[in-house]
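Here is a walk through one structure, helix by helix and then loop by loop. Keep the coordinates open as you read.

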Amino acid sequence: MTAGRGSIEAPLALLAELTHRCPLHCPYCSNPTALTGPGAELDTATWARVFREAAALGCLQVHLSGGEPTARRDIVALVAAASAAGLYTNLITAGVLLDAAKLAALAAAGLDHVQLSVQDAEPASADRIGGYAGGHARKLAAARLVTEAGLPLTLNAVVHRQNLDRLPALIALALDLGAGRLEVAHVQYYGWALANRDALLPGRDQLEAATRTVEAARRALSGRLVIDYVVPDYHAARPKSCMGGWGRRFLAVSPAGRVLPCHAAESLPGFDFPDVRQVSLRQAWEDSGAFARFRGTGWMPPPCRGCDRAEVDWGGCRCQAFALTGDAAATDPACAFSPHHALLASAVATAAASGEGFTYREPRRQP
Ligand code: SF4
Ligand code: FES
């Protein structure tokens, strides 16, 4: 499948960041430190055009995300527009704003799948991490509404030092709620999460115990629950293939309409990301210098250049490279071949000696 420009392939999925508004205050939020205010958000008609353009470009799925996508008053209309465009619609939600009527309306509008986040299996800890009293109970109620509505449910558990020991309970929770899939997602340390890294990074022993738990659960629950799990960068020798490679598989549109190769890219300096109010999604994908900058392997410095994994991990994550080295074009320090790889081990050591207090995001939004 190609997008019509030589070797540029079509994207598979669109991440639609409908809003940065969110009732939760997770200390590992990967949204930018400066948030977009509601006055700058794209309107319903523009999103509907974006969905049609995404489908025409070759996207099969749209992930409706945020912030909290159900904070948008027009969320039902947006789901209907994405569904009418022919996209498989996945709602990525914290669930605390969902009730039976909203869920019925979303299902009637064509919603295909719900991915619900949980902060922990233990309610008091979950509410503390999310900074939202009573949030965990609301999430459990929302999860039951999802399965009662006949929609497939994925539970997304963001894990870190302060909840990783409760992984068996998180797996049991996924089963109890009727989820078909559990994503055990280690925190990615950019955006707001970097400010809380010392309170969140797990140690090696804790991580290895969690990996054994996942392996045993996968064997025991085969056919009942799919568990997604990737060893986190800070304990890995090779980086993840972030977004499947810059400008290769995914594109994101920010609440204010910036077209991005990943949701975190807007914080990279020196980029002029296209504005979907001024260009089509196809123009952004095929013609913009920002997408071309790290597409493929031609941009790679040593040691990536010539490496036999260059087309496997695509040099890792550009946002992590920038966050840790100040150079978005550097080899991801998660790679043991990177001259900066020791930064990760020293961050793990620093975190092990640190406390567990969080720095919560101020309620600071830009208009
Ligand atoms: Fe991947 Fe680059 Fe490391 Fe090779 S050197 S494994 S391409 S990050
Ligand atoms: Fe931006 Fe990995 S999060 S490239």
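This is a predicted model. Helix α4 covers residues 123-130, and helix α5 covers residues 135-148. They pack at an angle of about 105°, and their axes are 7 Å apart. Angles from 65 to 115 degrees count as roughly perpendicular. α4 and α5 are therefore roughly perpendicular to each other. On the α4 side, the contact uses P123, A126, D127 and G130. On the α5 side, it uses G135, H136 and A137. By class, the contact of α4 with α5 has three nonpolar, three polar and one charged residues.

Next comes helix α6, residues 167-177. Its buried residues are L167, L170, I171, L173 and A174. Seen down the axis of α6, they fall within an arc of 155°, so they line one face of the helix. Several elements cover these buried residues. Among them are three strands, β7 (113-118), β8 (153-159) and β9 (181-186). Helix α8 (204-220) is also included in that cover. After α6 comes G178, with a positive phi near 80°.

Helix α12 spans residues 318-325 and is mostly covered. Seven of its eight residues are buried. These are R318, C319, Q320, A321, F322, A323 and L324. They pack against α13 (342-352).

Now turn to the backbone in the loops. Which residues other than glycine have a positive phi? M243 is one of them, with phi near 60°. W314 is another, with phi near 55°. M243 lies in the loop between β10 (226-229) and β11 (250-253). W314 is found in the loop between α11 and α12. A residue is buried if 20 or more other C-beta atoms lie within 10 Å of its own. M243 has 25 other C-beta atoms within 10 Å, so M243 is buried. W314 has 27 C-beta neighbours inside 10 Å, so W314 counts as buried too.

Cis peptide bonds come next. The bond from G66 to G67 is cis, with omega near 15°. G67 is in the loop between β5 (61-65) and α2 (75-84). The bond from P302 to P303 is also cis, with omega near 5°. P303 has its place in the loop between α10 (289-292) and α11 (310-313).

G66 and G67 lead on to T19, which touches both of them. T19 is found in the loop between β3 (13-17) and β4 (35-36). Is T19 buried or exposed? T19 counts as buried because it has 21 C-beta neighbours inside 10 Å. Leaving aside residues up to four places away in sequence, T19 also touches P38, E41, P69, A71, R72 and P255.

Finish at the ligand. How many residues surround ligand 1? There are 14, and the closest are C304, C307, R309, C335 and F337. By class, the shell around ligand 1 has seven nonpolar, three polar and four charged residues.

Terms used:
Residues numbered from 1 in each chain as written. Chains lettered and ligands numbered in written order. Predicted model: local features only at pLDDT ≥ 70, side-chain atom pairs only at ≥ 80, totals over all residues. Buried ≥ 20, exposed ≤ 12 C-beta atoms within 10 Å, placed from the backbone. Helix = DSSP H or I, 4+ residues; strand = E, 2+ residues; numbered from the N terminus. Arc of directions from axis to C-beta. Contact = placed C-beta atoms within 7 Å. Axes fitted to C-alpha atoms, helices over the stretch in contact; angles between N-to-C directions. Parallel < 35°, antiparallel > 145°, perpendicular 65-115°, else oblique. Nonpolar A, V, L, I, M, F, W, Y, C, P; charged D, E, K, R; others polar. Near = placed C-beta within 6 Å.
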